[in-house]
Amino acid sequence: MDKAGQNRTAVLSEAAVHAILGITTAVPIVPDALARSLTITFFPVHEASDRVRAFSERLEASLHACSTTVIPYADALSDPAAGKLREGIVVIAPGDLATGNLPVDHVTNLRRATVVGIVDGPCPATSEKDSQDKLNSIVKMLAWNIVQVVVYVDDAVWTVCTMNGALIRCSYETFDRDVFHVLVPKIAAPVVPPHASDFDVREGGVDLREPQYRPYIQDFTESGKLWSDTGLILFHTSLESLEFRNRYYKRLAAAYLDHRSGMSYGFLSRQLPVAPAPVMTMAEATARFGAGRAAGEDIAIDDQLWVRAHLPAGDVWMQVPDVWVLMTRSGCDKSNIDPHRDLVKLGLSRGRIIFATPRGVAPGIDSKPSYDTQTILSHAVANALVAALQQMMMPSSRFASTLTSSGMALAHWHGYLHQAKLPDAYVVHGEENPPVSCSTFQAAIFALRGKLDAFVRAATTGREFAGDLHTEPHHGVNITGPTLLWLAGWALDNLDALQESNGAEEVSGREVM
C-alpha cells in the first residue's frame, strides 16, 4: 500500500484479493516476508576479479542478515550426479561464466529458478543517452549469461539491472539497506514471462471486425501518432538482435520467453464497458448467505463471486463482475499498430484469465500476452469495483458513468512523473510498495488493493475520484483515463517532465535524473 494507507485497514482482505485474482498460493508482499521466502545459493566461481569476490562475500553476509536462507551449493542440488538444482532456488553467479557450465545448464526449469549474475565494471547503460539504447545494453548481458538479473560492480556504486528494464544504482554506504529494499524484492518477485499455458487460451476467439469493437480500435489507431510523439512507449529489443554463446542457449532463451520475438516495454489497453455490479449491505448479505458467513468471512460464492469490503462507514458485500480488455500484444509497435493483427482480448472471470487471439491472423504472427497481463486485469477489476462503490457513495460521479458507457483506458510506460501535472481528481498510489517486477502476483495485488484503498480515502473525505496513477517503483507507471487519445494528449502536455523521468533509472531506490 502507499504511504498514506499504511496504518489503515485495507478495503479488501488477503483472502478476497486472492479469490478475485485466482491466486491459490501464499504471496509475500512486505519486505520481511519477501526476504524469508528466498532460498539462495552461490554458484561456484569460474573466474572473478578481486572486486567481484569481495562484493560476493559482503553480499552473502548481508543476505544472511536480512533473514534469507543461504545454503551451500551442494545442498541446493536435487540430483548431485547430474548436477541439477532444486526448483525455487535463487542462484547468484559471481564473475565470468564458462560456456557449457552456466547456471542455466544446471536448472530443470528456468521459469522456476532465478539466476543473478555479478559482473565487474560499470553498468553499460549509464553511458547511453537514449532510453531504448539503455534497455538494449542491459538485455545484452542478460542474454549472454542467460540470467534474469545482473549486478554491475565498480568502485563507486553497484547497479542492479533486470529484464523489465530497471536500472538501480546502489550505494556501498547503505549496502545492507539496498540489499534488503532493492535486490531482495527483485529476486523474490522476479520477471517471469507469462506463457499461454498459464491461461484459458482461445485461438481466434475474438473477431475484431465486429461493430462493438470499432470505437476501441479507432482509439488505438488515432492515438498511435501521439504516443509515438511522446517517445514514452519503447518499441522492442529483438531476440535476433542479441548475441548468445551458441544456438542451444538461444533456444533456451526463446523457450523461456514462450517463443516471443523479443521483449517490448510499455503497453496500451482499453477496458470494455462494464456496469457497476451489485453492492449489498450487511443485512442483505445476512439474508442471502446466512449470519455466520456474512459476518465472519470475506468471500462468498453462489452463482457469483462476492467479496466483503471494509469501509469506514461499515462493511458491505460486492459482486465481482467479469471484466474484459483489448490490449496490444507483446512485442508489437504500440504506437503504430495494425489493429486486426496487434490487438488481443483478455478477460478475468472468477479468478480465471482468458486470452483470446484475433480471428484470421496470418500464420507466424506472434500473439503473446503482455508481461503485465495480471496487472492489467487487476486494474480492470479494480475499476469495476471502484465504480460499484462510487455509485453507492457518490452516485453522480463521472468515473462510474464513463466505465459503464464506454469503458476505460490504461497506459503503462517505464519511467515516472516528477512534476507532471496530474489530471483533476486523480489519486496516486504505490510509491511505498516494494519494487517487485511486472508479471508477478505481487504487482497485481498492489494494483487492485492500491486503487480501491486510494478511492475510499478520497471518497471518505468528500473528494471526487476521476482516475488514478499507479506507481511501480523501479519499473514505471500505470495511468487510467477515459480514452487512449485523452491519455496521450495529457502525456504530450506534460512531456518535459515525463521525458526527464523516462528509463526507470534510480540511485539507492531513489529516482534520479
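This is a predicted model: local features need pLDDT of at least 70, side-chain atom pairs count only at pLDDT 80 or more; totals for chains, interfaces and linings use all residues.

Student: Understood. At what angle do the axes of H11 and H13 cross?

Tutor: Helix H11, residues 373–393, crosses H13 at roughly 20 degrees, and the two axes come within 8 Å. The two helices are therefore roughly parallel to each other, since angles under 35 degrees count as such. Their crossing is right-handed.

Student: Which residues make the contact?

Tutor: On the H11 side, the contributors include Gln374, Thr375, Ser378, His379, Val381 and Ala382. On the H13 side, Phe441, Ala443, Ala444, Ala447 and Leu448 are among them. Divided by class, the contact of H11 with H13 has 15 nonpolar, 6 polar and 1 charged residues.

Student: And H12, how does that one pack on H11?

Tutor: Helix H12, residues 398–406, packs against H11 at an angle of about 125 degrees, with the axes 8 Å apart. H11 and H12 are therefore oblique to each other. The crossing of this pair is left-handed.

Student: What residues are involved there?

Tutor: H11 supplies Asn383, Ala384, Val386, Ala387, Gln390 and Gln391, while H12 supplies Phe399, Ala400 and Leu403. The residues of this contact divide into 6 nonpolar, 3 polar and no charged. Asn383, Val386 and Gln390 of H11 also take part in the contact with H13.

Student: Back to H13. How does H1 sit relative to it, parallel or perpendicular?

Tutor: The axes of H1, residues 14–21, and H13, residues 441–460, come within 11 Å and cross at roughly 115 degrees. That makes H1 roughly perpendicular to H13. H1 passes H13 in a right-handed crossing. Glu14, Val17, His18, Ile20 and Leu21 of H1 meet Ala444, Ile445, Leu448 and Arg449 of H13. By class, this contact has 6 nonpolar, 1 polar and 2 charged residues.

Student: Changing topic: lysine 186. Is that residue buried or exposed?

Tutor: Lysine 186 is buried, because its relative accessible area is 0%. This lysine lies in helix H5, residues 175–188.

Student: What lies around the side chain of lysine 186?

Tutor: A polar atom of the lysine 186 side chain is 3.1 Å from the backbone oxygen of proline 435. Leaving aside residues up to four places away in sequence, lysine 186 touches Thr162, Ala166, Ile168, Pro435, Val436, Ser437, Pro473 and His474.

Student: And serine 223, what does that one touch?

Tutor: Serine 223 lies in helix H6, residues 214–230. With a relative accessible area of 1%, serine 223 is buried. A polar atom of its side chain lies 3.3 Å from the backbone oxygen of phenylalanine 220. Not counting residues up to four places away in sequence, serine 223 touches Leu484, Leu485 and Ala488.

Student: Now the loops. Where is threonine 99 placed?

Tutor: Threonine 99 is in the loop between strand S5 (90–94) and strand S6 (114–120). At 46% relative accessibility, this threonine counts as partly exposed.

Student: What does threonine 99 touch?

Tutor: Not counting residues up to four places away in sequence, threonine 99 touches Arg245, Asn246 and Tyr249. The side chains of threonine 99 and arginine 245 make a polar contact at 3.0 Å. Threonine 99 and tyrosine 249 are 150 residues apart along the chain, and their C-alpha atoms are separated by 9.5 Å.

Student: I would also like to check backbone torsions. Which value does phi take at isoleucine 146?

Tutor: Phi of isoleucine 146 is near 50 degrees, a positive value in a residue other than glycine. Most residues other than glycine have a negative phi. Isoleucine 146 lies in the loop between helix H4 (131–145) and strand S7 (149–153), and at 5% relative accessibility it counts as buried.

Student: What about arginine 350?

Tutor: Arginine 350 has a positive phi of about 50 degrees although it is not a glycine. The residue is found in the loop between strand S19 (343–349) and strand S20 (352–358). Arginine 350 is partly exposed, with a relative accessible area of 44%.

Conventions. Residues are numbered from 1 along each chain as its sequence is written. Side-chain values use heavy atoms; hydrogens and water are left out. Axes are lines fitted to C-alpha atoms, for helices over the stretch in contact, and angles run from 0 to 180 degrees between N-to-C directions. Helices (H or I, at least four residues) and strands (E, at least two) are DSSP runs, numbered from the N terminus. Angles under 35 degrees count as roughly parallel, over 145 as roughly antiparallel, 65 to 115 as roughly perpendicular and the rest as oblique. A crossing is left-handed if the near helix is turned anticlockwise from the far one by less than a right angle, and right-handed if clockwise. Contact means heavy atoms within 4.5 Å. Ala, Val, Leu, Ile, Met, Phe, Trp, Tyr, Cys and Pro count as nonpolar, Asp, Glu, Lys and Arg as charged, and the others, Gly among them, as polar. Buried means under 20% relative accessible area, exposed over 50%, partly exposed in between (1.4 Å probe, protein chains only). A polar contact is a pair of N or O atoms within 3.5 Å; within protein, one must be able to donate a hydrogen and the other to accept it, and residues adjacent in sequence count only if both atoms are side-chain atoms.
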